[in-house]
Amino acid sequence: MPNTTPVHDTAGRRPRAAFAMAAETAGALLNDRTLEAFSRVCDLTPPPVLDDFTTDRAHAVLADTELLVTGWGCPPLDASALASAPRLRAVVHTAGSVRGHITDACWERGIKVSSAAAANALPVAEYTVAMILLSGKRVLERARSYRSQGLRDDWLATSPEVGNYRRTVGILSASLIGRRVVELLRPYDLRVLLHDPYVSEEEAAALGVRPVGLGELFARSDVVSVHTPLLPATQGLVSRELLMSMRPDAVLLNTARGAVVDQDALVDVVRQDRIRAILDVTDPDTLPAGHPLWECENALITPHLAGSQGNEWQRLVDLAATEAGRWATGEGFAHPVRRERLAFLA
């Protein structure tokens with residue numbers, strides 16, 4: 001919950017703040033509770049939000065704005081926009097990635113940036129853990145069979161491959177979400193492997209996972225969960241060779257970005273019934289009608305729903321309001337975005 005005590009900046013006055021995001025985003029995120037939380041820590045320019053930095057109203061609002069609270073659909077904060085915002089010193093983003101609106105001009109100005117990526121990581125991690133456990137029990141396949149045949153299977157004759165006792169889960173990338181998945185998996189009797197070239201053996205041990213090479217991760221895991229960001233170096237990282245090396249009936253679970261996976265190869269491997277796939281993301285993000293993945297019974301495709309939705313949006317704005325309060329008192333952000341880390345972030 002955001003701090004409810006009114007605060008002031010180091011100059012003895014509260015910073016001037018404004019919202020910048022798409023109108024649809026504002027409709028989902030900004031309710032009376034949210035506006036009250038931000039109003040306790042700053043002097044807030046009330047909605048309508050800024051969704052275009054070139055208008056006369058935007059120029060007037062930005063002229064006095066010291067803290068900008070952004071969301072999905074925020075226009076780029078480029079040199080032109082910053083020229084209209086001479087007092088802007090900080091940006092608090094109510095979502096995850098800031099790539100769409102934080103530009104080099106922001107870093108060159110020395111603007112401090114915070115993101116609610118940590119809050120958005122939790123529902124993705126929860127979805128991932130749920131799917132790992134459901135896939136281990138073959139819940140979706142067995143429910144479909146039960147529905148079509150109307151007969152319970154013989155539980156005493158269940159294959160020893162069914163279940164979650166000492167299954168091996170491979171985590172591809174110790175990203176913010178990947179780390180939350182590892183944390184949430186700790187209570188379960190699972191072996192957890194990790195491939196991330198930027199994580200040392202000591203750090204992996206602290207996380208409670210075993211570091212392995214990329215090939216070993218795919219060859220040994222019953223489930224491979226993809227959490228790597230989409231970067232030039234990770235485009236198509238999950239290759240045909242890696243998919244073909246997976247154990248029979250293993251699961252590829254992707255909540256990261258569709259293009260991290262060689263999707264044509266995935267179609268071939270899934271069609272051969274070699275592996276199963278659980279995909280919350282695809283390439284493109286919405287598959288066209290008639291795409292072969294729609295016809296694969298051993299592929300579960302969900303509509304990019306793992307991230308924050310519904311009441312989970314409140315978690316994002318609660319974190320953002322807390323960050324605004326920290327910045328206003330000179331405490332500094334708890335969830336800063338650093339320029340030098342952008343190459344490794346989604």
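First, a term: two strands pair if DSSP finds at least two bridges between them. Helices (H or I, at least four residues) and strands (E, at least two) are DSSP runs, numbered from the N terminus.

Now, where does this come from? This is a predicted model, where local features need pLDDT of at least 70, side-chain atom pairs count only at pLDDT 80 or more, and totals for chains, interfaces and linings use all residues. Residues are numbered from 1 along each chain as its sequence is written, and side-chain values use heavy atoms, with hydrogens and water left out.

The overview. We have 13 helices and 12 strands in the chain. The C-alpha trace spans about 70 × 45 × 35 Å along its principal axes. Of the 346 residues, 49% are buried, meaning under 20% relative accessible area, with exposed over 50% and partly exposed in between (1.4 Å probe, protein chains only). Contact means heavy atoms within 4.5 Å. Take the contacts between residues at least 6 apart in sequence: 67% of them join residues at least 24 apart.

On to the sheets. Strands of a sheet pair through backbone hydrogen bonds, either parallel or antiparallel. β2 pairs with β1 (residues 16-20) in the parallel sense, over two bridges. There, R16 has D43 of β2 as its bridge partner.

The other open sheet has seven strands: β8-β7-β6-β9-β10-β11-β12, again with parallel pairing. Which strands stand at the edges? They are β8 (210-211) and β12 (299-301); each has a single partner strand, so one side of each is left without a neighbour in the sheet.

Let's zoom in on β9 (residues 223-226). It pairs with β6 (residues 167-172) in the parallel sense, over four bridges. G170 stands opposite V224 in β9, and I171 stands opposite S225. β9 also pairs with β10 in the parallel sense, over four bridges. Here V223 has V251 of β10 as its bridge partner. Side chains in a regular strand alternate between the two faces of the sheet. In β9, V223 and S225 point one way, V224 and V226 the other, and all are buried.

Next, helix α6 (residues 117-136). This helix lies across β6, β9, β10 (251-254), β11 (276-279) and β12, and runs at about 165° to β10. Axes are lines fitted to C-alpha atoms, for helices over the stretch in contact, and angles run from 0 to 180 degrees between N-to-C directions.

α6 also packs on helix α8 (residues 176-185), at an angle of about 50° and with the axes 8 Å apart. The two are therefore oblique to each other: under 35 degrees counts as roughly parallel, over 145 as roughly antiparallel, 65 to 115 as roughly perpendicular, and the rest as oblique. Who makes the contact? Among them are A121, L122 and V129 of α6, and I177, V181 and L184 of α8.

Last, V192 in strand β7 (residues 190-195). Is V192 buried or exposed? It is buried, with a relative accessible area of 14%. Leaving aside neighbours within four places in sequence, V192 is in contact with V169, I171, V182, L185, V209 and R210. T103 is 89 residues from V192 along the chain, and their C-alpha atoms are separated by 37 Å.
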